[in-house]
Amino acid sequence: MGTNGIHHITGIAGPARRNIAFYTETLGLRLVKKTVNFDDPTTYHFYYGDGSGAPGTILTFFPWEHAAPGRAGVGSTQETAFRVPEAAIGYWTHRLLEKGIAHGTPQKRFGQTVLTFKDPDGTSLALVGVPGIEAEQAWSEGEVPAEHAIRGFFGITLLVPEAGPTGAILTDVLGFKEIAREGSLVRYASDASVGGIVDLHEAGGFLPGHLGGGSIHHIAFRTADDAAEAEMVKRLAENHKIETTEQRDRQYFRSVYFREPGGVLFEIATDIPGFAIDESEASLGTALKLPPFLEPRRREIEPILPALV
Ligand code: ZN
């Protein structure tokens, strides 16, 4: 597996407890990190993923207790898709029905079976049936048995005015190639088997989206380390006249951010150091972790955060 593709995807959610219940119980992901929003430590930041929180499996949320709903539109994310074994689509259709979760009927997209549904905040999600991945490891200590469990991201669909300008960033900087077109979708793939797909939905006439509960805030793409990240920053500036933010230390990865030409906020995040930097793999997600600069404020922060049980 290469080191391109999606690193993590971050969304905005409503109440924290409901968010944890949906992603760990209904979808069977592992809560791999329980921390706070480093830019606003009075709110949580949850990371869900596979057993180790490997890049390409990580969906993160800022849960705001009173988040106003967002709206999908141009310059925003239309859908976030996970990989499941092809034979698991029937299990999941039944599971979503049983749990009373709004979902579509399985449909074909680029020849693959796609089951769309929404989380309690209205975040648009999908499961894509992928053949031949049954033997891949999956987190199965929740309610979903290993044979049906989610195996990281399949990819993401972005609503953009036209594919070309966003596609140029994907192909020239982020390691993707255009591989197919279907209707108004243009598919780009990287060498990563997990989180390797970006579909651009050309939607020139649509209204712009706005952020809120159920919206995706940004998409982070993988890079190996600081040197590789600096190389990508240089390419963005020289070839595309796009300036990124300064590098920010996110404790589990180091990131730069930029607005891509279609209007979506992109991040580039290093694979290092990963989630085991401040707790063992066995205990990931069990304790509230704070970065060193916030640790002195733990006694002030903990009582402000919403109750989770
Ligand atoms: Zn991020």
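1. Start at a turn. Phe 110 has a positive phi near 50° in the hairpin of strand 6 and strand 7, where two residues lie between the strands. Strands here are DSSP runs (E, at least two residues) and helices are H or I runs of at least four, numbered from the N terminus. The model is predicted: local features need pLDDT of at least 70, side-chain atom pairs count only at pLDDT 80 or more, and totals for chains, interfaces and linings use all residues. Residues are numbered from 1 along each chain as its sequence is written, and side-chain values use heavy atoms, with hydrogens and water left out.

2. Strand 6 (residues 107–109) pairs with strand 7 in the antiparallel sense, over three bridges. Two strands count as paired if DSSP finds at least two bridges between them. Lys 108 has Thr 113 in strand 7 as its bridge partner. On to strand 8 (residues 124–130): five bridges join it to strand 7, again antiparallel. The hairpin of strand 7 and strand 8 has five residues between the strands, and Gly 122 in the turn has a positive phi of about 90°.

3. How much of strand 7 is buried? Six of its seven residues are, so the strand is largely enclosed by the rest of the structure. Buried means under 20% relative accessible area, exposed over 50%, and partly exposed in between (1.4 Å probe, protein chains only). Thr 116 sits in strand 7. Its relative accessible area is 19%, so Thr 116 is classed as buried. Leaving aside neighbours within four places in sequence, Thr 116 is in contact with Glu 79, His 103, Gly 104, Gln 107, Arg 109, Leu 125 and Ala 126. Contact means heavy atoms within 4.5 Å.

4. Next, the cavity. The structure holds one cavity of 30 Å³ or more. About 70 Å³ of space lies in the largest cavity. It is lined by 13 residues; closest to its centre are Ala 81, Arg 109, Phe 154, Arg 187 and Asp 199. The method uses a 1 Å grid over the protein atoms alone: a cavity is a set of points where a 1.4 Å probe fits but cannot get out, and lining residues have an atom within 4 Å of a point. Grid points are joined across faces, edges and corners, and the volume is the space filled by probe spheres set on the points.

5. Which elements give two or more residues to the lining of the largest cavity? They are strand 5 (76–85), strand 7 (112–118), strand 9 (153–160) and strand 12 (197–202). Strand 9 gives the most, with four residues. By class, the lining has six nonpolar, three polar and four charged residues. Ala, Val, Leu, Ile, Met, Phe, Trp, Tyr, Cys and Pro count as nonpolar, Asp, Glu, Lys and Arg as charged, and the others, Gly among them, as polar.

6. Glu 202 lies in strand 12. With a relative accessible area of 32%, Glu 202 is partly exposed. Beyond residues up to four places away in sequence, Glu 202 touches Val 160, Pro 161, Glu 162, Ala 163, Arg 181, Ser 184 and Val 186. Ala 224 is 22 residues from Glu 202 along the chain, and their C-alpha atoms are separated by 30 Å.

7. Now the metal. Which residues are the protein donors of the zinc ion? They are His 8 (NE2), His 218 (NE2) and Glu 267 (OE), lying 2.0 Å from it. Their spacing along the chain is H-x209-H-x48-E. His 8 in strand 1 (residues 6–13) and Glu 267 in strand 16 (residues 265–270) are 259 residues apart, so the pair links distant parts of the chain. Donors are N, O and S atoms within 2.8 Å of the metal (3.2 Å for Na, K and Ca); water is not among the atoms, so sites may look incomplete. Both His 8 and Glu 267 are buried.

8. Eight strands form an open sheet of mixed pairing, in the order 2-3-4-1-13-16-15-14. Its edge strands, strand 2 (30–37) and strand 14 (248–249), each pair on one side only. Strand 16 is joined to strand 13 (residues 216–223) by five parallel bridges. Another five bridges join strand 16 to strand 15 (residues 254–259), antiparallel. Ala 269 is the bridge partner of Arg 222 and also of Ser 255. Six of the six residues of strand 16 are buried.

Conventions. 1 Å grid on protein atoms, 1.4 Å probe; cavity = no way out; pocket = protein on both sides within 12 Å on 5 of 7 lines; lining within 4 Å.
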